[in-house]
Structure formats: structure tokens, C-alpha cells
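Dear colleague,

Please find below the structure that I am handing over to you.

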Amino acid sequence: MSTERFDCHYCKDTLLGKKYILKEDTQYCTKCYENLFANCCEVCSLPIGCNSKDLSYKDRHLHENCFKCAKCSRSLVDKVFAAKDDLMLCTECYSHEYSSKCNTCKKTIIPGSRKMEYKGNSWHETCFLCQRCQQPIGTKSFIPKDNNYFCVPCFEKQFAYQCCACKKAITTGGVTYHDKPWHRECFTCIGCKRQLAGQRFTSRENYPYCLDCFSNLYAKKCVGCTKPITSLAGAKYVSFEERQWHSECFTCMQCSVSLVGRGFLTQRDDILCTDCGREK
């Protein structure tokens with residue numbers, strides 16, 4: 001009675017009574033399977049045989065015993081690890097070699113832990129403290145000064161000027177008037193409350209005024225148009241016998257010719273050119 005042959009698909013040696021590997025419904029002896037299909041270990045360069053576990057990471061294959069930290073040689077099997085420059089490292093070695101150090105306590109900041117970063121420096125969240133109150137700043141706003149860091153309330157108490165109008169701290173954008181600090185938005189015309197920062201203004205009795213308010217309140221009025229005359233705005237004017245005119249308003253009452261730089265005559269309150277004055 002004949003029996004059906006059961007041979008290795010590649011070398012044709014009989015597999016009866018031997019260990020074999022089945023791949024895609026095809027049987028191979030262990031030697032042929034390893035030569036044909038086994039991966040080489042990334043570390044020792046030897047084939048990963050049928051009796052060894054084939055551990056893989058990003059197309060890299062390793063024996064179970066070769067899967068170790070490149071620095072301390074501890075096994076990485078079933079452990080969290082990190083990769084850097086083609087090296088696989090345990091989290092402790094990775095942190096020691098590559099993680100940032102806390103600028104306050106100088107200890108390593110473990111990857112994944114909460115930290116603060118500012119201008120290339122790093123801190124543990126619990127080490128980033130206000131210089132004045134020594135409380136963690138966390139995610140709150142802070143102000144740097146002289147290589148130290150302050151929470152906003154402490155900075156205002158210790159360093160900021162107080163606006164002489166609203167009495168609140170000035171942290172940015174203040175102006176100085178008569179040696180006193182003001183918020184830009186608080187420095188306004190005493191008359192119309194228009195902001196004066198960056199604008200031309202004048203003062204009277206130490207109060208600031210915009211040019212319009214100052215002119216309306218204190219400037220002399222033109223006899224011709226009755227509007228204020230102010231040299232602050234660059235206006236030219238003519239003065240005669242305690243009366244003033246804008247230059248463009250100083251004209252003959254009869255023919256309206258300009259009298260600027262010309263002779264003129266007076267008739268009661270009227271100003272006349274010499275031609276119209278002779279006719280009178």
C-alpha cells in the first residue's frame with residue numbers, strides 16, 4: 001500500500017515526522033523557511049528563526065533579546081520607548097539625553113509632563129513662579145523684567161506707574177504731561193474729552209486743551225467773520241486798535257479788496273481802502 005508524499009516545497013525533503021512551517025497553504029522545512037522568508041535582526045544581523053519572536057518597529061525587525069535600549073541595554077519588550085537618530089531608547093535614557101532641563105530646578109522635564117516655555121527656556125509648570133509672590137504662574141499672563149517673571153498683579157504693585165486720571169496701573173502705552181503719568185486713553189481735552197495723545201494741544205492753568213476748544217474758549221474773535229483767531233493752528237492775522245482780523249478777512253468794507261500790506265482808512269468802525277475812503 002503506497003502513501004502520499006509530504007515534502008518541503010523548496011528542497012523536496014520529506015517532512016514526515018519533522019517540524020515544518022505552513023505559508024500560504026504551502027509547507028516548508030524550517031531551514032528553507034528561514035532562508036527564504038526570515039527577517040534579519042537590525043541589531044545582530046542574524047536571521048530571526050522560527051524559534052524566536054520577530055519584533056518589528058517601522059520596518060525594522062529585531063530578536064526579542066536584541067530589542068534593548070541603546071544606552072542602558074535594558075529590555076524594551078512591552079515597555080514604552082522613544083526613537084532618536086535611529087536609536088531606540090527607554091524613556092529614562094531619552095529624557096536624560098534629549099529632554100529639556102528646567103530653568104529653575106535644573107532637573108529633566110519628562111516627556112509628556114506639563115511645562116512652560118518662553119524664549120528658548122523651559123520650566124516644570126510648578127517651577128515657573130512669580131518672583132514677587134512665589135506662586136505658580138501657570139497659564140496666566142506674566143511680565144518679564146530683569147531676567148525675572150511676574151504675574152500681572154504683582155508687577156503692577158511693584159513697578160507700574162499709576163495714571164493720575166483713573167489711578168490704575170500703566171503697563172504699556174502711557175504718556176507724560178507735566179511730569180505726571182497718564183494712560184493714552186485717559187489723556188483727553190478738558191473741554192471736549194477728545195484723546196490728545198499724538199495730537200497738537202495746548203494748556204491753560206495746567207489743563208490740556210485741543211486747539212478747537214482752546215480757540216473757542218480763549219482766542220480773540222475776528223471782526224470780519226467772528227470766528228476765533230489762533231496762532232496755534234498757524235493762522236495769520238492783522239491787529240489794529242485792539243481789533244483783530246484773519247488775514248483773508250482784512251478787506252475793504254466797500255469793495256472787499258484785501259488790505260493786507262496796503263494803506264487803508266477808517267470810518268467809524270469800518271475799514272476802507274484809500275480809493276473808497278476818498279469817495280466818501
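**Annotated domains**

The end C-alpha atoms of residues 39-99 lie 33 Å apart, and this span is 13% helix and 26% strand. Please bear in mind that the model is predicted. The span is one of three that the unreviewed UniProt entry annotates as "domain: LIM zinc-binding"; the record gives them as residues 39-99, 100-161 and 220-280.

**Residue N39**

N39 is found in the loop between α1 and β3. With a relative accessibility of 28%, N39 counts as partly exposed. Leaving aside neighbours within four places in sequence, N39 is in contact with L46, P47, I48, D54 and H61. With H61 there is also a polar contact, side chain to side chain, at 3.3 Å. As a guide to the extent of the chain, the C-alpha atoms of N39 and T171 are separated by 66 Å, the two residues being 132 residues apart along the chain.

**The β5-β6 hairpin**

Strands β5 (residues 81-84) and β6 (residues 87-90) run antiparallel and are joined by four bridges. Across the pair, A83 stands opposite M88 in β6. The two strands form a hairpin with two residues between them, and D85 in the turn has a positive phi of about 55°.

**Salt bridges**

How many salt bridges does the structure hold? There are four, and three of them are described here.

R60 forms a salt bridge with E42, with 3.8 Å between the closest N and O atoms. This pair links distant parts of the chain, 18 residues apart: R60 lies in strand β4 (residues 60-63), and E42 in the loop between α1 (30-37) and β3 (54-57). Is R60 buried or exposed? R60 counts as buried because its relative accessibility is 15%, under the cut-off of 20%. E42, at 45% relative accessibility, counts as partly exposed.

The side chains of R114 and E125 also meet in a salt bridge, at 3.0 Å from N to O. Here too the pair links distant parts of the chain, with eleven residues separating R114, in the loop between α2 (91-98) and β7 (115-118), from E125, in the loop between β8 (121-124) and β9 (142-145). R114 is exposed, its relative accessible area being 58%, whereas E125 is partly exposed at 23%.

A further salt bridge brings together the side chains of R194 and D212, at 3.5 Å from N to O. R194 sits in the loop between β14 and β15 (201-204), and D212 in helix α4 (residues 211-218), so that the pair links distant parts of the chain, 18 residues apart. Both count as partly exposed: R194 has a relative accessibility of 43% and D212 one of 46%.

**Helix α4**

**Residue H183**

H183 has its place in strand β14 (residues 180-183). H183 is buried, because its relative accessible area is 10%, and buried means under 20%. The side chain of H183 reaches the backbone oxygen of A169 at 2.8 Å. Not counting residues up to four places away in sequence, H183 touches C163, C166, K168, A169, I170 and V175.

**Cysteines**

How many disulfides are there? The count comes to zero. C192 is in no disulfide, the nearest cysteine sulfur being that of C210, 3.7 Å away. C192 counts as partly exposed, at 37% relative accessibility.

With kind regards

Key
Residues numbered from 1 in each chain as written. Predicted model: local features only at pLDDT ≥ 70, side-chain atom pairs only at ≥ 80, totals over all residues. Heavy atoms only, no water. Pairing = 2+ DSSP bridges. UniProt positions renumbered as here; feature names shortened; annotations may be inferred. Buried < 20%, exposed > 50% of the residue type's maximum accessible area, 1.4 Å probe, protein only. Polar contact = N/O pair within 3.5 Å; in protein donor to acceptor, adjacent residues only side chain to side chain. Contact = heavy atoms within 4.5 Å. Disulfide = S-S within 2.5 Å.
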